[in-house]
Every structure is written in C-alpha cells, then in structure tokens.
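Colleague: I am new to reading protein models. Could you walk me through this one, step by step?

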Amino acid sequence: MVGVFKENRMSRMQRKMGRFPQSQYSPQVVLLVYHWSSKESEHDLLVHKAVSKWTAEEVVLWLEQLGPWTSLYRERFLSERVNGRLLLTLTEEEFSKSPYTIENSSHRRAILMELERVKALGVKPPQNLWEYKAVNPGRSLFLLYALKSSPRLGLLYLYLFDYTDTFLPFIHTICPLQEDSSREDIITKLLDLKEPTWKQWREFLVKYSFLPYQLIAEFAWDWLEVHYWTSRFLIINAMLLSVLELFSFWRIWSRSELKTVPQRMWSHFWKVSTQGLFVAMFWPLIPQFVCNCLFYWALYFNPIINIDLVVKEVRRLETQVL
C-alpha cells in the first residue's frame, strides 16, 4: 500500500509539473543542494568580519582572493603569522623588504590598493557574487529579477544608484579598453578602475540598445573561473532571453503594432518601477529564507522555464508559416 501511495503521489506531481518532467529538475536540485551544503555560510564571510579581528589564516584567504599570483607570497604571510591588526600596519616599504620581499611593483600596488579599501570599509569589500549577495541581499535579488525582465532598466538603475561599486566594474569587464595580453585574474584587473573612455561608452550603448542580454552573458563569461556553474547558467539564460525578446519584436512587427511600442514601453517601465518600490517597502518583512528561494530559483531554474517558452514560440512560428 505504501508503494502504491508513493507511486500515485509521484504521478500526481508529474501531472502538475506538466511539460517539466522530474528528470529535468534533478540536475538543478542536485546543484542547489551542493551549493547550499558546500558554500561557506554568508555570516562567516570576511565581508561581515572586522579586519582587526582576522586571523592569520583569514588574512591569507583575503590575499589569495586577489588573484593566483598571490600564491607566491602565501607562505611568507603564514610564517609571519600576519593577522588583521598587523596587516593594517604594513606599508609599501615593508612589503618590498624581507620577510615579505614582494619585488614585483604591480603586485605590491594591487595589494596596497585593496588594503586601502579594507581600511576604509573596516571589512573585506565584496569581490564575487556570493559576497555581494551577503552584503546586499535586497539589491542582489532586485537586480537579478530586473536584469532578467528588464535589462535596460536594470543597467540604468546601476548607472544612477550604484555607479562606482557595480556599474564601473561591469562596463570595464564587458567593454575592456584594450586586449589584456597578460591574462591577469579578473579580480586583479578590477582593483583600479578609471572612468570609461568614449570608445567604451560607444560600444556599451550599442549593445545596451540592441543586445542587452549579451552584456550579461559577456560579464558572466569573464567570471567563469570564479563562478563555474553559475556563470554557465547566466550565459544560457541570457541567450534564451535574447531569443524571446527577438520573438516579441517579430510579433509586434508582423501584427503591424509598431504604434503601440511607446505605450508598451511606458507600461513596462511603470510595472517594473512599482514592483521595485513594492519590494523596497516590504523588504524588511520578507523572511530571508523566502528571499533565498526566489534568488536561487531565478538563478538556476529560469533557464529551464525559458527553454520551454522558446520551444513554444518556435512552434507558434511554424504554425503561422504553415
């Protein structure tokens, strides 16, 4: 009887899932379980711990996250037992001498620039997706949904309200000033960012107007070494959303509804703005568990949903042609 009950319950679940069989969900569920079980607790990240309280091991962890080149100096910091308090007292002159002996001036400059940021903030600044989410949980959830449903407005929001910390690294990543022959680590390249040049702005505005989801895909591509699976999900989702946007424009064109575009744009802007305002107002009341579920659903499950939407659009197009 128990086996029959389980079988019937499974059948009902599969019917409710409709065109999404359980086998399609399994990889996503396994990925989420692995992520939740293996990822360091957000409360244990250095972005929440005062630098003066860092242990020697945490100082080395901070150093390693600056790039693979820091492996040259790992043992030197460990042997000196450099904790957070000692780290705050170190200067460029001390870094260049024994026992640290950082002879490469670029390496010293990168360490000192990041150390200045740590001194100013009192904690480690976020340098990857999970650290950014830990520091800005509400903004990360808002941006994830905004960049999915309205990438142009989402990027405009970053430009207006988060220019230095988020927009500037974004535009330098997807529109680099020149090809970097040294193939530096992505975090190292983003430590010292200047104002974008006109050439960078021109490239950005063209992509922003016609291929906004490509900007997200290019940004995720540069972070493959840091976020192996997550970047791949973002790239696939950006490609699917680009196809869906193309289908939307095709429907408007084929139905001779170009006159309705301004009205559609205003309605979309109003919808996204009110949703963002609603989330901002009620954010303190939303349980963190619910926010995490929404975040990971949008991050890992939306590509599966968008695949089905693309298939439906292709079938609809084939029906119209026939």
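Colleague: Where does UniProt place the feature "transmembrane region"?

Modeller: Keep in mind that this model is predicted. The feature comes from an unreviewed UniProt entry. That record places "transmembrane region" at residues 233–253 and 274–299.

Colleague: What percentage of residues 274–299 is helix?

Modeller: Start with residues 233–253: that span is 100% helix and 0% strand, and its end C-alpha atoms lie 30 Å apart. Residues 274–299 also have 0% strand, with end C-alpha atoms 22 Å apart. The helix content of residues 274–299 is 81%.

Colleague: How many helices and strands are in the chain?

Modeller: The chain has 322 residues, and 38% of them are buried. Its secondary structure comes to 17 helices and 0 strands.

Colleague: What span should helix H7 have at 1.5 Å a residue?

Modeller: H7 covers residues 105–121, which is 17 residues. Its end C-alpha atoms are 24 Å apart.

Colleague: Which residue caps the N-terminal end of H7?

Modeller: Look for a side-chain oxygen that lies 2.9 Å from the backbone nitrogen of Ser 106. Just after H7 comes Gly 122, with a positive phi of about 85 degrees. The N-terminal cap is Asn 104.

Colleague: What covers the buried residues of H7?

Modeller: First, the buried residues themselves: His 107, Arg 108, Ala 110, Ile 111, Leu 112, Glu 114, Leu 115 and Val 118. Residues three or four places apart in an α-helix point the same way, because there are 3.6 residues a turn. The cover over the buried residues of H7 includes helix H3 (56–64), helix H5 (84–87) and helix H6 (92–96).

Colleague: Which element gives the most to the largest nonpolar core?

Modeller: That core has 23 residues; Trp 54, Trp 62, Phe 77, Leu 87, Phe 95 and Ile 111 touch the most other members. Two or more residues come from each of H3, helix H4 (74–79) and H7. The top giver, with 5 residues, is H7.

Colleague: Which residues does Phe 77 touch, leaving out those up to four places away in sequence?

Modeller: Phe 77 is among the core members that touch the most others. With residues up to four places away not counted, its contacts are Val 59, Val 60, Leu 63, Val 82, Leu 87, Phe 95, Tyr 100 and Ile 102.

Colleague: How many residues are in the second, separate core?

Modeller: This core includes Tyr 132, Leu 143, Leu 168 and Ile 171. Its residue count is 15.

Definitions and conventions:
Residues numbered from 1 in each chain as written. Predicted model: local features only at pLDDT ≥ 70, side-chain atom pairs only at ≥ 80, totals over all residues. Heavy atoms only, no water. Helix = DSSP H or I, 4+ residues; strand = E, 2+ residues; numbered from the N terminus. Expected span 1.5 Å × (residues − 1). Buried < 20%, exposed > 50% of the residue type's maximum accessible area, 1.4 Å probe, protein only. Contact = heavy atoms within 4.5 Å. Polar contact = N/O pair within 3.5 Å; in protein donor to acceptor, adjacent residues only side chain to side chain. UniProt positions renumbered as here; feature names shortened; annotations may be inferred. Core = buried A, V, L, I, M, F, W, Y, C linked by side-chain atoms within 4.5 Å.
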